Amino acid sequence: MFLGIDIGSSSSKIAIIDMDQNILYQKAINVGTGSNVIEKMRVQALTHVGCQEKDVLYTIVTGYGRKMYKNAESQITEISCHAKGTYFLFPEVRTVIDIGGQDSKVIRVGAEGYAEDFVMNDKCAAGTGRFLEVMARVLGCDINTLSEVAEQSDSGVAISSTCTVFAESEVISQLSIGSKREDVALGAHISVAKRVSGQAKRVGVLPDVVMTGGVALNKNMVRVLSNEIGYPISVPESPQTIGALGAALYAREKYLERQAR
C-alpha cells in the first residue's frame, strides 16, 4: 500500500492506493497541524483497508503541516500533489483551482500531471474558505447551508472590501439598511470568485478546469466562479482529499524509482 497524508491548517486528509493505483481509502477530518490525531487517522485508515503498517511501502506527506510530520519517507508541496491527484482523475485537466480554508491556489497543469505554473494566496483570508465562514457567521447560517441561502438570490449585493475584517463590517451595514440575507450571501460568493478569478488570469486559464478543496463542496461557489472565469468547472467526488491522493500517487512513484536503482 501507498499512503498520502495532507496536513492542512484546519483539516487533514489521508488517501491509500495499491500498486495498481486503485483508490482504497480517502477521508478528511476537521483537525489540522499540531494535532496527535493524525497518527490515529493513519491507524484507522489502515484498519479500514485491512492492512498493517508493514504493508505500507512508502508514505508521502504534503500540506501546511508537512514539515512537522515525521512518519513519512518524504515531503512534497501541496501544489504538486493537487496537480498530480487531479490529473489522475481528470486526465484532460489544464487548470486546477484549489480553495481551502486558509488559502487559495490556481495551478496550471502540464504533461503527466506536473505543475507548470501557479499563483497562491496564503497571506489574506479574502478569496478563501475562511472568508465564507465569516460571512456565514454574520448571516446567521451554517457554512454548509451558505450555498443554499445564496441560491435564493436573483442579484447579489456588491461587497467592495477586499479585506475580510472590513468586508464583515460592510455586510453588517448592508443588513442594517435592509439588504436581503440571500443577496448578501450571493455577494460574498461573487467577491471570492472575483478574487480567485484575478489569480487565475495571472496564471492563464485553460480548459479543462477542475476545482478542489473544501470550498468545492459549495455548489453556488462553483457556479459563480465558473461564470467569472468563463469556463465550466468539474468537481471531483471527494475534492478535499485530492492533495492526499496526489501524495499517495507520488509515494508509489518514489517507491518504484527506488526499486529500479
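**Exercise 1. Helices H6 and H7**

Task: In this predicted model, determine how helix H6 is oriented relative to helix H7, and which residues make the contact.

Solution. 

Step 1. Helix H6 covers residues 181-203 and helix H7 covers residues 219-229; their axes come within 9 Å and cross at roughly 45°.

Step 2. The crossing of H6 and H7 is right-handed.

Step 3. On the H6 side, the contact is made by Leu 186, His 189, Ile 190, Val 192, Ala 193, Lys 194, Val 196 and Ser 197. On the H7 side, Asn 220, Met 221, Arg 223, Val 224, Leu 225, Glu 228 and Ile 229 take part.

Step 4. Sorted by class, the residues of this contact are nine nonpolar, three polar and three charged.

**Exercise 2. The largest pocket**

Task: Describe the largest pocket by its volume, the residues closest to its centre and the make-up of its lining.

Solution. 

Step 1. The volume of the largest pocket is about 930 Å³.

Step 2. The pocket is lined by 34 residues, and those closest to its centre are Ser 10, Ser 11, Gly 100, Gly 101 and Gly 214.

Step 3. Helix H2 (78-89) and helix H3 (129-139) each supply at least two residues of the lining. The largest share, four residues, comes from H3.

Step 4. By class, the lining consists of six nonpolar, 17 polar and eleven charged residues.

Conventions: Residues numbered from 1 in each chain as written. Predicted model: local features only at pLDDT ≥ 70, side-chain atom pairs only at ≥ 80, totals over all residues. Heavy atoms only, no water. 1 Å grid on protein atoms, 1.4 Å probe; cavity = no way out; pocket = protein on both sides within 12 Å on 5 of 7 lines; lining within 4 Å. Points joined across faces, edges and corners; volume = space filled by probe spheres on them. Nonpolar A, V, L, I, M, F, W, Y, C, P; charged D, E, K, R; others polar. Axes fitted to C-alpha atoms, helices over the stretch in contact; angles between N-to-C directions. Left-handed = near helix turned anticlockwise from the far one by under 90°. Contact = heavy atoms within 4.5 Å.
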